[in-house]
Amino acid sequence: MDIIYTIWLRSVKRYLRSKSRIIGTLGMPLFFLLFLGFGLNSIVSIPGTGEGYTAFLVPGIVAMSVLFTSVFAGIQIIWDKQFGFLKETLVAPVSRMEIMLGQTLGGATTACIQGVIILVLSLFIGLTLSSAAGFLIALCFMALIGISFTAFGIAIASRMEDMHGFQLVMNFVVFPIFGLSGALFPISSLPSWLAPLTMADPLTYGVEGIRYGLSGTSQIDPLLCGGVLIAFAAATALAGAFLFRKMSA
Amino acid sequence: MTAIYVENLTKMYGSFTAVDRISFEIPEGEIFGLLGPNGAGKTTAISMLATLLKPTSGAAMINGHSIAGGEDGVRRSIGIVFQDQSLDEELTAFENMDFHGRLYRIPNPLRQEKIAELLALVELDGRQHDLVKTFSGGMRRRLEIARGLLHRPKVLFLDEPTLGLDPQTRNHLWEYIERLNREAGITIILTTHYMEEADRLCDRVAIIDHGRIVALDAPGALKEAVGGDVITITSPDPAAVASAVTAAGALRAEQYDGTVRINLQHAERHIMEIVARLSGNGVPADSISIRKPTLEDVFLHFTGRSMRDETADERDRMRMYQRTARR
């Protein structure tokens, strides 16, 4: 437990110290929120709920910011490898499992902080929180997304030689995961051929879970969302731990 | 007691043998050097001993723990300063030390005490709350050594400890390494391609070339093996010089890069004879020098090559090869 805490502490310290990274990763979600939110609010109404598009969009953008931050946090292990720091942890009398869990929880923590910042900023453009319990539910789903995708990033980083593959992963894996999820549009209005893809996307359950927490309604049962996401987090954590065990400094 | 025991340790990358059946034994409290050109396999050997790399075959024990099976025991027994930097530049000197102390589960009052003590020892206590990215190369090295000592290792690995440092910092580090060994009794194994470094610091030196140990002894004994003093004659016609001096009988002359080198005892007594022989035969010579042998001569003696022959090309090719082989 001490070791996991030590590695977690380092991740969080590094994150809090790099102001440019905090602001940099806030940029894209914030612009999505502002441009899409204000741009489409007047012409789009969400069937069934009667709420405006901006209110619908916020949970999706929160999930987006958690997703991007956590994948990046996982892939950062490559930096540790290139700058030699990974050797320092690998040669210590600690298990790979502890290192991996510490990194995962550290990445998930930073991702949740990013998500909460987006959430707080959206209060200024008209979001209202239904209840404190709802906020906590949303936070739990953010944490699950964070854990899943940091572990996912570590799994990918364990198989990568350097940062060159990073853009590839971002454009062809992470962006489709975001785009196919119900972050930008309601699942019920999808064409029938696209719906199965969306339902196979783990992020969909994260977005719906956050949406349930923030607005009290969702198109997928929140319990199902939680179940699917917990299973996905466990699977990626296992895959990450397995691949990281084989990573050489 | 034996601190390090290595038997037929081998590492292969495909058909390329990086470390070839090396064996040695290091008693507790010794400073042991692995001397060889870049790409000779020194770092690969150290990586295997530090459990970062699995050997292809062979065995090694460190402080009584096997590197195959007793990894945790080995890791607890060793401190290591890598050839390439392994600090977190975004953390302060103190935080790097603290991270290390926590990883090795040093409980807190003791941890703070040791960190303060070691930072003072490497004269970084004044900068302990500055980010490492603001540090010079020498300061980083010193911090890494302090960090490697934090958990009181029985054995300290130093992989090219003074690579890229200025002469003054290097001298300072040497004194420091000697003090550590003398006062704390730590067994030290270091790799280097600097002859002076091995000569100055090591109780015993293993000369390693193409992954193989070609000689292993105390630096003094190795130099004696060369056969006395070294006379170097520069000449436009080295072949004629060589044949002129070897005609005398017991002399052995090696031609190398426009010079002729002769190894013999009490060179000062024979120098007149050599000069007479050269002028008697009408062989031109530009200069003649006499000196005591260095480890450079020892390397030449055992491998037939100068360590400086190793070109960057060959080194880079080797590294490329290792990198692709690791994938």
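This is a predicted model: local features need pLDDT of at least 70, side-chain atom pairs count only at pLDDT 80 or more; totals for chains, interfaces and linings use all residues.
**Entry 1: the interface**

I started with salt bridges between chain B and chain A, and the rule finds 6 of them across the interface. I count a salt bridge when a side-chain nitrogen of Lys or Arg lies within 4 Å of a carboxyl oxygen of Asp or Glu. One I looked up joins the side chains of B:Arg147 and A:Glu88, at 3.3 Å from N to O.

Residues are numbered from 1 along each chain as its sequence is written, chains are lettered from A and ligands numbered from 1 in the order in which they are written, and side-chain values use heavy atoms, with hydrogens and water left out.

Next I looked for polar contacts across the interface of chain B and chain A, and 9 residue pairs turned up, both residues at pLDDT 80 or more. The term means a pair of N or O atoms within 3.5 Å; within protein, one must be able to donate a hydrogen and the other to accept it, and residues adjacent in sequence count only if both atoms are side-chain atoms.

Which elements of chain B give two or more residues to the side that touches chain A? They are helix H2 (71-77), strand S6 (78-81) and helix H3 (93-103). H3(B) gives the largest share, 6 residues. I sorted the residues on this side of chain B into 11 nonpolar, 5 polar and 11 charged. Here Ala, Val, Leu, Ile, Met, Phe, Trp, Tyr, Cys and Pro are nonpolar, Asp, Glu, Lys and Arg charged, and the others, Gly among them, polar.

For contacts (heavy atoms within 4.5 Å), I get 27 residues of chain B against 22 of chain A. The two chains bury about 2,500 Å² between them, 59% of it on carbon and sulfur atoms. That is accessible area (1.4 Å probe) lost on putting the two parts together, summed over both. In chain B, the most area goes at B:Phe99, B:Arg102 and B:Leu103, together 25% of what that side buries.

**Entry 2: sheets in chain B**

Helices (H or I, at least four residues) and strands (E, at least two) are DSSP runs, numbered from the N terminus; two strands pair if DSSP finds at least two bridges between them.

One open sheet has 4 strands in the order S2-S1-S4-S5, with antiparallel pairing. Strand S1 (residues 2-13) and strand S4 (residues 57-62) share 5 bridges, and B:Ile4 stands opposite B:Ile62 in S4(B). Helix H1 (residues 42-49) packs on this sheet, touching S1, S2 and S4, at about 120° to S1(B). My axes are lines fitted to C-alpha atoms, for helices over the stretch in contact, with angles from 0 to 180 degrees between N-to-C directions.

Another open sheet has 6 strands, S6-S7-S8-S3-S9-S10, with mixed pairing. S6 and strand S10 (212-217) each have a single partner strand, so one side of each lacks a neighbour in the sheet. S9 (residues 204-209) runs antiparallel to S10(B) over 5 bridges, with B:Ile207 partnered by B:Ala215.

**Entry 3: whole structure**

I then searched every chain and got 27 salt bridges. A:Arg211 and A:Glu208 form one of 2.9 Å, N to O.
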